[in-house]
Amino acid sequence: MPQQPTVLCIQDLSCVGRCSLAVVLPALAAMGLQPCALPTALLSTHTAFANPAVTDESDFITRALGHYDSLGLHFSCVYSGYLADAGQIATVQRAFSQSPDALKIVDPVMADHGKPYAAMTPPLRQAISQLCSQADMIVPNATEALLLLKEAPDEHAWSETQMHARMDALMQRYPALQAAVVTGVQHTDGRFGNLCRSHGQTRFLPYHVIPQSYPGTGDLFAAVFTGALLRGQSVWDACRLSADFVALAVQRTAQSGADPRFGVCFEPLLYRLSPGFSG
Ligand code: PXL
């Protein structure tokens, strides 16, 4: 059996609500990779529920990295998601430098639906932008992409010209990037899709939209995208696989009538990510 790639996943563990590590770990494991969790915080639920119980794990993740350093451990990939403060961002930077050959993927989680999350202050957003400049790949949603470009984070549709200009601008702002995917972009012709940039080309990959929003779908997309890349798929194929998987999970969840706050019912679909599956 070939050596399994390892993915250091740096983000919170929200115990209920299917986001961050709670979706990332099973998705990567189903894909045959070895996810290694570095939980930045423990929450009883994600923040769309009122008053979750929270424990900050900043001290723990710093000590865990020190331990990995003393063991000489390197990871195939370092992938960061939701981060709560500048100290945690510095810890991700340290993880990057401890695994210099790793694929570095940053999901700059800070906003959605045209608005920054309440906790994402301008200095924190600035630090997240800084982190993006050290990444090989970033996977912002449309609102986050506009914030990274210092544009007003509105929810307007993007014309073809804007799509190309914004993807060019992202690559210029972050010259170390090999690729970028902006999720949830509305085209001026009404379609929704993911904007994918790789090898100097920008492509709009449309998907069928379901008019219901669920937490954690961006995290699930980023995890499947990361897993597909580590399995050797192209950026385009990785983008298609993750978009199809998330779309199917959203569709099944909407059909089931489940309370949207609990995220998408992706578990019964995990078999579709396994290395032998050809759908
Ligand atoms: O899915 C992104 C995310 C992750 N973790 C926490 C969140 C959110 C989005 O709001 O609140 C704790």
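## Rings, ligand and cysteines

Q: Quick one to start. Is Tyr 271 buried, exposed or partly exposed?
A: Tyr 271 counts as partly exposed, at 44% relative accessibility. Bear in mind that this is a predicted model.

Q: How many aromatic pairs turn up in the whole structure?
A: A search of the whole structure gives four.

Q: What kind of pair do Tyr 68 and Phe 75 make?
A: Their planes are at 70°, so the pair is edge-to-face. The ring centres are 5.7 Å apart.

Q: Is Tyr 68 buried or exposed?
A: Tyr 68 is buried, because its relative accessible area of 18% falls under the 20% cut-off.

Q: And Phe 75, buried or exposed?
A: Phe 75 is buried too, with a relative accessible area of 9%.

Q: Back to Tyr 271. What geometry does its aromatic pair with Phe 277 have?
A: That pair is edge-to-face, with 90° between the planes. The centre-to-centre distance is 5.5 Å.

Q: Which accessibility class does Phe 277 fall in?
A: Phe 277 counts as partly exposed, at 33% relative accessibility. Tyr 271 is partly exposed as well.

Q: Switching to charges. Where does the charged end of Arg 203 sit?
A: Over the ring of Trp 236, 3.8 Å from the ring centre.

Q: And where does Arg 166 lie?
A: Arg 166 lies over the face of Trp 158, at 4.6 Å from the ring centre.

Q: Now the ligand. Which residues are around it?
A: Asp 12, Ser 14, Cys 19, Ser 20, Leu 43, Thr 47, Tyr 82, Val 109, Tyr 117, Gly 216 and Asp 219.

Q: How does that shell divide between nonpolar, polar and charged?
A: Five residues are nonpolar, four are polar and two are charged.

Q: What does a polar side-chain atom of Asp 12 lie 2.8 Å from?
A: A nitrogen atom of the ligand.

Q: How far is a ligand oxygen from the side chain of Thr 47?
A: An oxygen atom of the ligand is 2.5 Å from an N or O atom in that side chain.

Q: What about Asp 219?
A: A side-chain N or O atom of Asp 219 is 2.7 Å from an oxygen atom of the ligand.

Q: How much of the ligand's accessible area does the protein cover?
A: The protein covers 89% of the 320 Å² that the ligand has on its own.

Q: Last topic. How many disulfides are there?
A: A search of the whole structure finds zero.

Q: Which cysteine sulfur is nearest to Cys 36?
A: That of Cys 9, at 7.3 Å. Cys 36 is in no disulfide. Cys 36 is buried, with a relative accessible area of 17%.

Q: And which is nearest to Cys 77?
A: The sulfur of Cys 9 again, 7.5 Å away. Cys 77 is in no disulfide.

Q: Is Cys 77 buried or exposed?
A: Cys 77 is buried, with a relative accessible area of 0%.

How values were computed. Residues numbered from 1 in each chain as written. Predicted model: local features only at pLDDT ≥ 70, side-chain atom pairs only at ≥ 80, totals over all residues. Heavy atoms only, no water. Phe/Tyr/Trp six-rings, centres within 6.5 Å; stacked < 30°, edge-to-face > 60°. Buried < 20%, exposed > 50% of the residue type's maximum accessible area, 1.4 Å probe, protein only. Lys NZ or Arg CZ within 6 Å of the ring centre and 35° of its normal. Near = heavy atom within 4 Å. Polar contact = N/O pair within 3.5 Å; in protein donor to acceptor, adjacent residues only side chain to side chain. Areas by Shrake-Rupley, 256 points an atom, 1.4 Å probe, with all protein chains shown as cover. Nonpolar A, V, L, I, M, F, W, Y, C, P; charged D, E, K, R; others polar. Disulfide = S-S within 2.5 Å.
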